[in-house]
Each structure stands twice: as C-alpha cells, then as structure tokens.
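I opened the model today to look up its sheet, its ring pairs and its nonpolar cores. My entries follow in the order I made them.

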Amino acid sequence: MPIDATQPYDDQNIFAKILRGEIPSKTVYEDEWALAFHDINPQAPFHVLVIPKGRYVSWDDFSAKAPAEEIAGFVRAVGTVARQAGLVEPGYRLLANVGQNGHQEVPHLHVHIFGGRPLGPMLAR
Ligand code: 5GP
C-alpha cells in the first residue's frame, strides 16, 4: 500500500533497518550522506536504490527540511552511483515516488536508478 507523504518518520521502516544494519542489503555505494543498494525486486538489469542517511520520509520532506550540505551530498551520491556503474553513456533513469499518487511504498526517501537496457516511455499507459 502506498504511504502518506506527510506522515511522521517511522524508525521501524525497512530502509531504516537496512541503514542500521539490522537487515541485509547488497550495498553498491556508501558515503557520509547516502547508502545505495540493489532493489530486492529489480525492474531493469540495473536497479539500485539510493537513500539519504538522514531521517526523511519522502522527497517532499527532504527538499523542504534537509540542510543544503546534505542535499548536495545526496544528489552527488546518486550521480556517483550511476557514473561508477557505467550508465552515463548508454543513459539511465531516476525515479522518486512520492506519496499516494506516486505509489511510494517505503516511508524513507529513495531514488531509484534504472539502467542496462532501453527503458521505453516514461510512464505505463
Ligand atoms: P517505492 O514504490 O516505495 O518507490 O519503491 C520501494 C522499492 O523498495 C521497491 O522497488 C521494492 O522492491 C524495494 N524494496 C522493498 N523492500 C525491500 C528490501 O527489504 N530490500 C531491498 N533491497 N529493496 C526493497
């Protein structure tokens, strides 16, 4: 079920548990600001999730409340993951689902990186 993008942060969400090392993930990148790991149910040959280390429910929460340094660190981390995976020349797609209509399921901000094949039109019709 999609979440409400305005809900308070829940420390028991699955990505909070991954950040604390309480459940495993296939990490591809980590720095001061971000953790990136393979999606458990990949929708493309390359499907990685990048999450900020801070407690942010959604893109809305993050863009409104995060300090500039944290936003810069997170945005750079997303770019670095894609670059290190060799996705820049063939191209890739970023996606951040927000709230009900965006069908966001996990209430900790995550940016999906998709790549490894032509991804087709932006949205299913
Ligand atoms: P959303 O719909 O919220 O944008 O995407 C949530 C994503 O998290 C989905 O693509 C789903 O496969 C992924 N996901 C859910 N639970 C886990 C988990 O425990 N580990 C990993 N690696 N990915 C997960």
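Predicted model: local features only at pLDDT ≥ 70, side-chain atom pairs only at ≥ 80, totals over all residues.

**Strand pairing**

Residues are numbered from 1 along each chain as its sequence is written, and side-chain values use heavy atoms, with hydrogens and water left out.

For the elements I took DSSP runs, numbered from the N terminus: helices are H or I of at least four residues, strands are E of at least two. I counted two strands as paired if DSSP finds at least two bridges between them.

I then followed β1 into strand β2 (residues 34-38); the two are antiparallel and share three bridges. A hairpin of three residues joins β1 to β2. On to β3: β2 pairs with β3 in the antiparallel sense over five bridges, and F37 has L49 as its partner there.

**The whole sheet**

In what order do the five strands lie? I read β1-β2-β3-β5-β4, an open sheet with antiparallel pairing. The edge strands, each pairing on one side only, are β1 (27-30) and β4 (93-95). From one strand to the next the twist averages 20°.

I looked for what packs on the sheet and found helix α3 (residues 68-84), which touches β1, β2, β3 (46-52), β4 and β5 (111-115). Contact here means heavy atoms within 4.5 Å. The direction of α3 makes about 160° with that of β3; axes are lines fitted to C-alpha atoms, for helices over the stretch in contact, and angles run from 0 to 180 degrees between N-to-C directions.

I checked burial next (buried is under 20% relative accessible area, exposed over 50%, partly exposed in between, with a 1.4 Å probe and protein chains only). Four of the five residues of β2 are buried, so β2 is largely enclosed by the rest of the structure.

**Aromatic pairs**

I counted four aromatic pairs. Rings of Phe, Tyr and Trp (its six-membered ring) pair if their centres lie within 6.5 Å; planes under 30 degrees apart are stacked, over 60 edge-to-face, and the rest tilted.

F15 and F37 make an edge-to-face pair, at 5.4 Å centre to centre and 75° between the planes. The pair links distant parts of the chain, with F15 in helix α1 (residues 14-19) and F37 in strand β2, 22 residues apart. F15 is buried at 7% relative accessible area, and F37 is buried at 2%.

W59 and F62 make a tilted pair, 6.4 Å centre to centre with 55° between the planes. Both lie in helix α2 (residues 59-65), three residues apart, about one turn of the helix. Is W59 buried or partly exposed? I have W59 as partly exposed at 37%, while F62 is buried at 1%. Y56, W59, F62 and F74 form one aromatic cluster.

**Nonpolar cores**

I took a nonpolar core as a set of buried Ala, Val, Leu, Ile, Met, Phe, Trp, Tyr and Cys residues joined through side-chain atoms within 4.5 Å. The largest has 18 residues, of which V50, F74, V81 and I113 touch the most other members. β2, β3, α3 and β5 each give two or more residues to this core, and α3 gives the most, with five.

I listed the contacts of V81, leaving aside neighbours within four places in sequence: V28, Y29, A36, F46, V48, V50 and I113. A second, separate core of seven residues includes F15, L35, L49 and I51.
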